[in-house]
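Okay, thanks for coming, everyone. Let me put the structure up on the screen, and then we'll walk through a few spots together.

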Amino acid sequence: MKERLNSKAPRKLLFLFEILSLSLIFLFSWEGIQTETYAIAVGLVLLIYFSNYMLGRISKGDNYVFLIVCMLVSIGIIMIYRISPDLGLKQLMWLALGIAMFFAAYFAIRYISFWDRLTPLYLVVSYGLFALTLIMGTRTHGAINWISIGGVSVQPAEITKIVLVFLLAAFYGGDEKYRRIKNAEILLMLVIYSFIGLLFLQRDLGAALIFFGIFSGLQYIYTQDRRLIWANLGLAAIGGIAGYILFDHVKVRVTTWLDPWPYINDKGYQITQSLFAISEGGFFGTGLGRGNPAFIPLSYNDFIFSAISEEMGIFTGIGIIMLFMLLVYRGFKIALRQDNQFFRILALGISMVFGIQSFIIIGGVLKVIPLTGLTLPFVSYGGSSVVTSFIALGILQGTSEKRGKAGIGNG
Amino acid sequence: MDSERKRIITILVALCMGFVLLIGYLSYFQMFKAQAVRDNAYNKRLWINEDNILRGSIVDRGGEVLVYSESRDGETQRIYRYDNLYSHVIGYSLKDYGKSGLERRYNSYLVNANENTAINELINLINPSGVGNNLSLTLDHGLQKKTRELMNGKKGSAIAINPKTGEILSMVSLPDFRIETLSENWTSVSENPDSPLLNRGTQGLYTPGSIFKILTAVGVIQEGVPEAIYQCTGSTVIDGYTIRDFDESGHGPLNLEQAFAVSCNTYFADQAVALGHDNLLRIAETLLFNQKIGFDTETNASVFPRESIGLTDLGASGIGQGRVLTTPLNMLMVVSAVANDGYMSMPYLVETVQSPGGMTISSHRSESRKVLEIGESQALKRMMREVVESGTGTNAGINGVKVAGKTGTAENASGNNHAWFVGFAPLEDPKVAVIVLLEEEGASGGRAAAPIAREIIKFALNNITN
């Protein structure tokens, strides 16, 4: 980098945004104001300010991605707090844990050098998590994708997603011995399809789409046998059509995507409530606290984008989309600057996770594509989502630093 | 650049395009679709606003208050001063059953949610008011009352319009319903086989019968054969099927003008066949068939068959039978264009929207399009005058005023004919155009509908000055 990016000015702007939106919350709930409101305000500002400051001292990598994410997180927490103060407070705790895990993941990438030699482990962990979900999973909102460990609900697919990126990076950019196996790439496709098939069985269509997206993107860049790209796309089309015919839950998504209005009271309820909220907001929104995001089911989770659009307007909605675009752009830039192929693919994969997931859920609540249940990374409420997203970000942060080509296999 | 870099950038571009697509769609949605979504009766937010805001009032062209809201013991109440007189125009606004009419279309104005522009929104954020905006209509309360009286006991619709501006002066559809008690009587009203909830004037689809001959006549004029002499024998055989005249003895030799005055079926059926389906379809679609008329309340599209039809059907279409269906509003617009020298001024009900403080927030932008050549409209004017002067429409005649019009008696599945009259006056400088439809009246248009139209025209010319 010729010119070091100065992250001080945006850090101050972020600070300003938080102060402003927090004062709006204070104004809105002046009468019923509680100590926890102060707690959330002070906690949020301090946490974000100091973690940015720390990162600036520790890492010589790209400190912008963390700043972008802090903006997303701030919008998210403020909205969640406005919908439900309890959840807002909880989300703040998840954020604290998430930032801790961010640093942990960052150091793990920085100081551990054998990530590219763990292919078998990635496979075992992935299948293990799937098995765990199938055995212990509980059904929420139609999908079996949660397991409960010691009273804490975890969504294993969130973790598998990251493991998948490691698996693909290790295959394409790591140890060559796996690529020398006969028909290695076809075997890899079968493994990935088995993941997607298992997600289909769990009715977790959103995750299935992300897995497919990450794989297809990386396959497009790195496969030696270009015919496989077409094979992959062809199989996806066949699989999509078969899924539509075989599974009612897929059919419902498509029907309510094409025209939800006749089903406004049952299966089209969610998407139409989302559209009501977005249309209510207009350009500037109704104002924080002056809309009715509680009308949207899961407004703090899958539909947080609609809730934000209602109260902060589509200008903020567009802002969020642009923040994700910037995040993906920075992620790809990190990848292009990274000389080590394994870490390059890791950076690409993580950026694609953020990009594809945010596209699928925002596109879903806008009715641009069929709706599949997913969280909006960093913005939606949820421990699993926040913590794993920050782990992924920590990995991206780690890959933004220079790595020697030596010591690690490169392809 | 090596191929890996290139491919990475391809994927990046693809992802960015995805995001740009989302931004584009979000903006498009907000600008063009949000309003309709917001007005959906299932949107719970409509009712939230309702509870906090005193709904605006609606006044007629003279300032007479037709409906307003007031606050009683902390609850807002909608007062319908003339209740069923405006049941289809103003419509209802019920928590359990949604909204209709102007209450629905202008809901966001009436609850002061203003138009969705950035500036208005900012103003609203800074200065929210607890009172909704008011609507000022083009309707004349006196004429509305008169029209309703004349139509009393009938089934059907009557509409009066200013053909030059498109202002709707009165609009009645019967049977109607009482808005104040609609909530309690919802089931009996909504399931009534006579469909009182339907605004027959804008949504009812009827066989037009002879009033459709106006469109066939346009075709004859365009072909340049209005003077050609036709021999009427009382019936004509088209493709093996006989179309008969009312009077089977035959009208003898006649040209377009004479055939129009006596409403000769055989003449117009044969002319329609000579014109062909394409020509007739083109004329009908120019005159708003097969499209929804943009209006302040819900409308349905009139129907002229698009796919090619058999010659018998084509002949029947030429006299407004067969598969042709029209809304009364549509045929009124056709005649209003004839009256206005070929220019159709699109119909509207709401002249201005005013803030509680009396400031005009939005006013109607008139839209006029040329649908007939001046030669065509002049010929039609003359012919329609002839109908009232000496043809089937003499019952619409007024002493000292030159009324022009066309009668229609439409056969339909019920066995009882629809009676139609559509016309305008005065001939030299049309100030009002009127359509009267009596559904399943079982009498001819000239006998049943024309006298009602006459009274509406007389009242309008005498009482509406501005």
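So, let's start with chain A as a whole: it has 411 residues, and 52% of them count as buried. Keep in mind that this is a predicted model. In terms of secondary structure, chain A comes to 14 helices and 3 strands. And if you take the contacts in chain A with a separation of 6 or more, 72% of them are between residues 24 or more positions apart.

Now, let's zoom in on helix 3 of chain A, which runs over residues 64-83. From the first C-alpha to the last, this 20-residue helix reaches 29 Å, close to the 28 Å you'd expect at 1.5 Å a residue.

Staying in chain A, let's talk backbone angles. Which residues have a positive phi without being glycine? Leu298(A) is one of them, at about 55 degrees. You'll find Leu298(A) in the loop between helix 11 (269-281) and helix 12 (304-337). Leu298(A) has 19 C-beta neighbours inside 10 Å, so it counts as partly exposed.

Phe378(A) is another, with phi near 75 degrees. That residue is in the loop between helix 13 (341-365) and helix 14 (383-399) of chain A. Is Phe378(A) buried or exposed? Phe378(A) counts as buried, because it has 28 C-beta neighbours inside 10 Å.

Okay, over to chain B, and to a couple of prolines. The peptide bond going from Leu174(B) into Pro175(B) is cis, with omega near 0 degrees. Pro175(B) lies in the loop that links strand 8 (168-174) and helix 7 (186-190) of chain B.

Further along, the bond from Ala425(B) to Pro426(B) is cis as well, and here omega is near -15 degrees. Where's Pro426(B)? Look in the loop between strand 18 (418-425) and strand 19 (432-438) of chain B.

How values were computed. Residues are numbered from 1 along each chain as its sequence is written. Chains are lettered from A and ligands numbered from 1 in the order in which they are written. This is a predicted model: local features need pLDDT of at least 70, side-chain atom pairs count only at pLDDT 80 or more; totals for chains, interfaces and linings use all residues. Helices (H or I, at least four residues) and strands (E, at least two) are DSSP runs, numbered from the N terminus. The expected span of a helix is 1.5 Å times one less than its number of residues. A residue is buried if 20 or more other C-beta atoms lie within 10 Å of its own, exposed if 12 or fewer, and partly exposed in between; C-beta atoms are placed from the backbone. Two residues are in contact if their C-beta atoms, placed from the backbone, lie within 7 Å.
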